[in-house]
Every structure is written in structure tokens, then in C-alpha cells.
Amino acid sequence: MELLTGRRPLDPEFGESVDIVEWMCRKMRDKLLEEALDPTVGNTKHVQEEMLLVLRIAILCTAKLPKDRPSMRDVLTMLGEAKPRRKSSSNNGGNSTNKDRPVFSTSPVNGLL
């Protein structure tokens, strides 16, 4: 989350006694995830899409209960599937079928995203 947001685990902007995980959960609840991303990383739509995919994985990894967190094997699978759609569509001649397919379609934690 720190890499994706450019913020420290405890930042005055989050408020008193609020860490980056709680701040990110609030952003997710308010549907403001894009606003939380580090603007210095890249401002193209493709970069933002990639960052949001990885951020969703980070949110799963920070579940309060350890049993609700994905295994490292699952995380690696999800990261492997979190490929930018632009690469997929260029491989099939611009056919839009990959755009409609969920990015995490084969993930063992499919229902969580």
C-alpha cells in the first residue's frame, strides 16, 4: 500500500489513530480508490488500472483475521493474473473479448475481489 499510495504507514492526513490500511478501507468504502494512488508513479489510464489491480490484492492481504488473507501462493497467482489489459488486447489483434473477461477469473479467491 505504501508503494501504491506514496504514503507512510502512519500519515497525519489519515487522522489520529488511523493507519494506511484503515485509510484505504475508507477510500474503498467511499469509492475513492483512484484518489489514493500516488500521482507521481504515472498518470495514464493503463498505469492506474494496473495500480488498482495490485491495490485490491494488497487490501485482501491486510484483512484483520489472518484466516481471511490469501496464501502467498494465491497472491502470486493473483499478481500473475493482474496483467494490464492493453497487453492482452494487443496479442489478439485488438479483439475486445479480453476486456470483458474478469482479470482474476481463475483466482482461488475469485469471490473476494
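**View 1. Thr 5 sits in helix H1, which covers residues 2–5.** The model shown here and in the views below is predicted. Thr 5 has a relative accessible area of 4%. Buried means under 20%, so Thr 5 counts as buried. A polar atom of the Thr 5 side chain lies 2.7 Å from the backbone oxygen of Met 1. Contacts also reach farther along the chain.

**View 2. Ser 17 lies in the loop between H1 and helix H2 (20–29).** Its backbone deserves a look. Most residues other than glycine have a negative phi. Ser 17 is not a glycine, yet its phi is positive, at about 60 degrees. Is Ser 17 buried or exposed? Its relative accessible area is 76%, so Ser 17 is exposed.

**View 3. Lys 31 belongs to the loop between H2 and helix H3 (33–36).** Lys 31 has a positive phi of about 60 degrees, although it is not a glycine. The relative accessibility of Lys 31 is 70%. Exposed means over 50%, so Lys 31 counts as exposed.

View 4. At 13% relative accessibility, Lys 27 counts as buried. Leaving aside neighbours within four places in sequence, Lys 27 is in contact with Leu 32, Leu 33, Glu 35 and Ala 36.

**View 5. Helices H4 and H5 pack against each other.** H4 spans residues 45–61, and H5 spans residues 72–81. Their axes are 10 Å apart. The angle between H4 and H5 is about 165 degrees. Angles over 145 degrees count as roughly antiparallel, so H4 and H5 are roughly antiparallel to each other. H4 passes H5 in a right-handed crossing.

**View 6. Residues of H4 and H5 meet where the two helices are in contact.** H4 brings Val 54, Ile 57, Leu 60 and Cys 61. H5 brings Val 75, Met 78 and Leu 79. What kinds of residues make up the contact of H4 with H5? Seven are nonpolar, with no polar and no charged residues.

Note on methods:
Residues numbered from 1 in each chain as written. Predicted model: local features only at pLDDT ≥ 70, side-chain atom pairs only at ≥ 80, totals over all residues. Heavy atoms only, no water. Helix = DSSP H or I, 4+ residues; strand = E, 2+ residues; numbered from the N terminus. Buried < 20%, exposed > 50% of the residue type's maximum accessible area, 1.4 Å probe, protein only. Polar contact = N/O pair within 3.5 Å; in protein donor to acceptor, adjacent residues only side chain to side chain. Contact = heavy atoms within 4.5 Å. Axes fitted to C-alpha atoms, helices over the stretch in contact; angles between N-to-C directions. Parallel < 35°, antiparallel > 145°, perpendicular 65-115°, else oblique. Left-handed = near helix turned anticlockwise from the far one by under 90°. Nonpolar A, V, L, I, M, F, W, Y, C, P; charged D, E, K, R; others polar.
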